[in-house]
Amino acid sequence: MIQHVLVPVDGSRPSRAALEYASEQFPDAELTLLYVVDPMTDYSRQRAYPGYTAEDEYKSEREKGEAVLESLVESLPDDVTAETTVEAGDPARTIVRYADDHGVDGIVVGSHGREGVARYLLGSVAETVVRRAAVPVTVINDREV
């Protein structure tokens, strides 16, 4: 029986669909929403746009992650609660490590459904999680939403 479900989110349509699926399919489970901050994204942002201003939407990827998590929690039905966390690292490795370290029974992850060269060049977080996770993983494909 699945009692603790990890839902990695990034604010995208597939990750929102994964959260919707998890809350519908596992209504009695403990839900944990995980936003992974890739340190290279923050570094790239700082190098490309030195000197953030007060008008910038987010000052860092961590701040963006916290805003995404807050928005997702607010979108949940009243009878569904979720814990949230922000972790830093390579997204796929961080998701798998978090699941291992926190006794997660299942993972529900969204996928953009890339194919061919795009998938080969860009890699797939969902695919890596499926291959490396020690618990069942449900992938919600972008085309299914």
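What follows is a dialogue about a predicted model, going from the overall pattern to single residues.

Me: How many helices and strands does the chain have, and what pattern do they follow along the sequence?

Reply: Start by listing the elements in order. The secondary structure here comes to six helices and five strands. Along the sequence they follow the pattern β-α-β-α-α-β-α-β-α-α-β.

Me: What share of the residues in the chain is buried?

Reply: A residue is called buried when its relative accessible area is under 20%. By that cut-off, 39% of the 145 residues in the chain are buried.

Me: Which residues of the largest nonpolar core touch the most other members?

Reply: A nonpolar core is read as a set of buried nonpolar residues joined through their side chains. The largest one here has 22 residues, of which V5, V7, L19, L31, L33 and V108 touch the most other members. At least two residues of this core come from each of β1 (4–8), α1, β2 (30–37), α3 (61–75) and β3 (82–88). There is also a second, separate core of 14 residues, including L6, V36, Y98 and V109.

Me: Take V5. What does V5 touch beyond residues up to four places away in sequence?

Reply: V5 touches A22, F26, A29, E30, L31, T32, V104, G106 and V108. One of these, A29, lies in the loop between α1 and β2. The C-alpha atoms of A29 and V5 are separated by 6.5 Å, though the two are 24 residues apart along the chain. Seen from A29, the contacts beyond four places in sequence are I2, Q3, H4 and V5. A29 counts as buried because its relative accessibility is 12%.

Me: Is H4 buried or exposed?

Reply: Compare its value with the cut-off. H4, in strand β1, has 8% relative accessibility and therefore counts as buried. Its side chain makes a polar contact with the side chain of T32, at 2.7 Å. Leaving aside neighbours within four places in sequence, H4 is in contact with A29, E30, T32, H102, G103, V104, D105 and G106.

Me: Which atoms do the side chains of S12 and S23 reach?

Reply: For a serine, check where it sits and then look for polar partners. S12 lies in the loop between β1 and α1, and is buried with a relative accessible area of 16%. The side chain of S12 makes a polar contact with the side chain of D10, at 2.6 Å. S23 is placed in helix α1 (residues 13–25), where its side chain reaches the backbone oxygen of E20 at 3.0 Å. S23 counts as buried, at 9% relative accessibility. Leaving aside neighbours within four places in sequence, S23 is in contact with L31, L76 and V80.

Me: Why do residues three or four places apart in a helix point the same way?

Reply: An α-helix has 3.6 residues a turn, so residues three or four places apart point the same way. For a case, look at α4, whose buried residues are A92, T94, I95, V96, Y98 and A99. These pack against β1, β2, β3, β4 (106–111) and α6. Just after α4, G103 takes a positive phi of about 60 degrees.

Me: How do α4 and α6 cross, and which residues meet?

Reply: For two helices, read the distance, the angle and the hand. The axes of α4 (residues 91–101) and α6 (residues 125–132) come within 9 Å and cross at roughly 35 degrees. The crossing is right-handed. P91, A92, R93, I95 and V96 in α4 meet V125, T128, V129 and R132 in α6. The residues of this contact divide into six nonpolar, one polar and two charged.

Definitions and conventions: Residues are numbered from 1 along each chain as its sequence is written. This is a predicted model: local features need pLDDT of at least 70, side-chain atom pairs count only at pLDDT 80 or more; totals for chains, interfaces and linings use all residues. Side-chain values use heavy atoms; hydrogens and water are left out. Helices (H or I, at least four residues) and strands (E, at least two) are DSSP runs, numbered from the N terminus. Buried means under 20% relative accessible area, exposed over 50%, partly exposed in between (1.4 Å probe, protein chains only). A polar contact is a pair of N or O atoms within 3.5 Å; within protein, one must be able to donate a hydrogen and the other to accept it, and residues adjacent in sequence count only if both atoms are side-chain atoms. Contact means heavy atoms within 4.5 Å. A nonpolar core is a set of buried Ala, Val, Leu, Ile, Met, Phe, Trp, Tyr and Cys residues joined through side-chain atoms within 4.5 Å. Axes are lines fitted to C-alpha atoms, for helices over the stretch in contact, and angles run from 0 to 180 degrees between N-to-C directions. A crossing is left-handed if the near helix is turned anticlockwise from the far one by less than a right angle, and right-handed if clockwise. Ala, Val, Leu, Ile, Met, Phe, Trp, Tyr, Cys and Pro count as nonpolar, Asp, Glu, Lys and Arg as charged, and the others, Gly among them, as polar.
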